[in-house]
Amino acid sequence: MKGKKRSSTAVLLEYAGNYRGLTYLGLLLSAAAMVLGMLPYICIWLVVRDLVMVAPDWTKAVHIARYGWMAFTFAVLGILVYFLSLMCTHLAAFRTAANIRKKGMERLMNAPLGFFDMNASGLLRNRLDGAAADTETLLAHNLADIVGTAAMFVTTLVLMLVFDWRMGAACLCACVISIAALFSMMGGKNAALMLEYQTAQDVMSKAGTEYVRGIPVVKVFQQTVYSFKAFERAINDYSAKAERYQGVICRVPQSINLTATEGAFIFLVPAVLLIAPGALAAGNFLEAVTDFAFYAVFSSVISTALARIMFAASGMMLARTALARIDQVMNAPQLKISDHPETPADNSIDFNDVTFTYAGSDYPALQHVSFHAAPGETIALVGPSGGGKTTAASLIPRFWDTDEGSVKVGGADVRNIDPHVLMDRIAFVFQNNHLFKTTVLDNVRAARPQATLEEVYTALKAAQCEDILEKLPDDIHTVIGTKGTWLSGGEQQRIALAAAILKDAPIIVLDEATAFADPENEVLIQKAFRKLTEGKTVVMIAHRLSTVVSADRIIVLDSGMVVEEGTHAQLLEKGGKYAGMWADYREAVNWRIQSSKEVQ
Ligand code: ADP
Ligand code: MG
């Protein structure tokens, strides 16, 4: 457990960069502040000792004023140094958290777009932000506490052995017992249980936050029971784990620990009894009595110190889970950007023996896929669901990198093309279009920021979005995704289509873009497509085979492999997979026409 702890602190300090030195300085000052903070007590004890020694002739106690001033000075110095220490650790902690956020955002910026299909970017950003904030607690407070407390611990031990080693040893007995009890609670197989217990606590507090945050949604959608369930489960899980850990594992050791620390002076009594006769004979009995008082008071410091270290260790635990969340972002796959970028010569697309497997999947989504689209050609990808159509389409704008083979645009491997150049050349509309939580105008204009308002309207009109605009309260300036302005999948897709039209890129990738359209809209959307794809290189995926009939080439993908390729007429003649799909499709269409006639 210790190794892991050290490593999470070390990892954090790596993020601190130039501010690492400041952290160390802060820790050093924290140790100094702790020791300074102890000195006034020693001064007071010296005052008491002087008074006892000279009793009842108080006038002989000449040093007490000096001790008093010393106590005051040490106390003030201690506070000052502590303040300085916190300033250093906070500065370093804020810089570290800022560095973590910056690095994490850089990683996210360079992650392939496909990564965000599986990991919502907003969620990742929030997680990064929260986790970075969590590390502040460790760096700004917990570490300083741990180091300061350790300093207090060591100083106390030294003082105890210096004043009178026999009484010091007696105190240590209590100490050793309580340390052993603490370790039995946290060490060995109980460490895992403690972690479980703390994780459950973490989960519970998060579920609570989620629950409260979700109340508006819960009210709107009447999901009271469902949303409360998660919270309730977290509470029950926590109470079960707490009972097990606190009640079963900790009961005996914690009792022993408390007894040993609170009753440390019990161990002192035999030591004093042993020392007393000697001291009496040597005439320094009073000194021994004041020493006893000193030990009785300071023996509790040791256990307080231990308890504080333990408390701070829970901050370590928090930092560790925060680091795990940060790692998730830092381990995001990165697109390598070529040092010698190539420029696409034209708008052709080539798949050369492409094999690709999704991370975590145990079978390839594409195997040895090859095809060519000459500039201006329309290529249709068809095939059964799960055949690999979306995957193939998403490799063109480099949502992912291939495992084997290459995807080329204009003769240049997409991995060697500057991502900006590649993105400028390709417009795409996929099934799950992520619109930004901003106005319709900004969403469409994101495709081409310099476009005029007129151009945006024209694009929206071409994408058949007029009816959407009509029902929005602020027309094109309505913010999407806020109260009352949720758009359906088909509507979102039409907005995305408008953006693609506005972008006017020479290569178009369309993934089942008509899947959402209702029959009345389909004709309109088809019209929009024709406008969008005029004179462009197009790779399109379509459910409705009627839309692919006129494609220059149809590629049939099944289980990630190209099983057929040719024009509509060629493939029908061949009588293979496509011909079968076409027959099924015709039957379905006829059936639909038939049934609508019957209704009439
Ligand atoms: P299609 O678009 O032809 O329906 P896809 O390209 O979506 O097919 O899927 C091809 C294969 O890859 C399927 O087996 C599917 O389960 C898998 N797949 C698709 N997306 C992912 C993903 N994000 N992670 C893992 N596997 C995926
Ligand atoms: Mg698909």
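Colleague: What is the bridge partner of Ile 508 in strand 8?
Modeller: The partner of Ile 508 there is Val 538. Strands here are DSSP runs of E with at least two residues, helices are runs of H or I with at least four, and both are numbered from the N terminus. This is a predicted model, in which local features need pLDDT of at least 70 and side-chain atom pairs pLDDT 80 or more, while totals for chains, interfaces and linings use all residues. Residues are numbered from 1 along each chain as its sequence is written, chains are lettered from A and ligands numbered from 1 in the order in which they are written, and side-chain values use heavy atoms, leaving out hydrogens and water.

Colleague: In which sense do strand 7 and strand 8 pair?
Modeller: Strand 7 and strand 8 are parallel, with five bridges; two strands pair if DSSP finds at least two bridges between them. Strand 8 (residues 537-541) also runs parallel to strand 3 (residues 378-382), joined by four bridges. In that pairing, Thr 378 is opposite Val 538.

Colleague: What is the order of the strands in the open sheet?
Modeller: The six strands follow the order 6-7-8-3-9-10, and their pairing is mixed. Strand 6 (426-429) and strand 10 (561-566) are at the edges with a single partner strand each, so one side of each has no neighbour in the sheet. On average, neighbouring strands are turned by 15 degrees against each other, direction ignored. Such angles are taken between axes, which are lines fitted to C-alpha atoms (for helices over the stretch in contact), and run from 0 to 180 degrees between N-to-C directions.

Colleague: Which strands does helix 18 touch?
Modeller: Helix 18 (residues 489-503) packs on the sheet and touches strand 6 and strand 7 (507-511), where contact means heavy atoms within 4.5 Å. The direction of helix 18 makes about 170 degrees with that of strand 6.

Colleague: Back to strand 8: how many of its residues are buried?
Modeller: Five of its five residues are buried. Buried means under 20% relative accessible area, exposed over 50%, and partly exposed in between, with a 1.4 Å probe and protein chains only. Thr 537, Val 539 and Ile 541 lie on one side of strand 8, and Val 538 and Met 540 on the other. In a regular strand, side chains alternate between the two faces of the sheet.

Colleague: Changing topic, how many aromatic pairs are there?
Modeller: There are nine. Rings of Phe, Tyr and Trp (its six-membered ring) pair if their centres lie within 6.5 Å; planes under 30 degrees apart count as stacked, over 60 as edge-to-face and the rest as tilted. Trp 69 and Phe 72 form an edge-to-face pair, because their planes are at 90 degrees, with the centres 5.9 Å apart. The two residues are three apart in helix 3 (residues 64-109), about one helical turn.

Colleague: Is Trp 69 buried or exposed?
Modeller: Trp 69 is exposed, at a relative accessible area of 60%. Another pair, Trp 582 and Tyr 585, is tilted, with 5.6 Å between centres and 35 degrees between planes. Both Trp 582 and Tyr 585 are buried.

Colleague: And which residues surround ligand 1?
Modeller: Among them are Met 118, Tyr 358, Tyr 363, Gly 387 and Lys 389, counting residues with a heavy atom within 4 Å. A polar side-chain atom of Tyr 363 lies 3.0 Å from an oxygen atom of the ligand. A polar backbone atom of Lys 389 is 2.8 Å from an oxygen atom of ligand 1.

Technical notes:
Polar contact = N/O pair within 3.5 Å; in protein donor to acceptor, adjacent residues only side chain to side chain.
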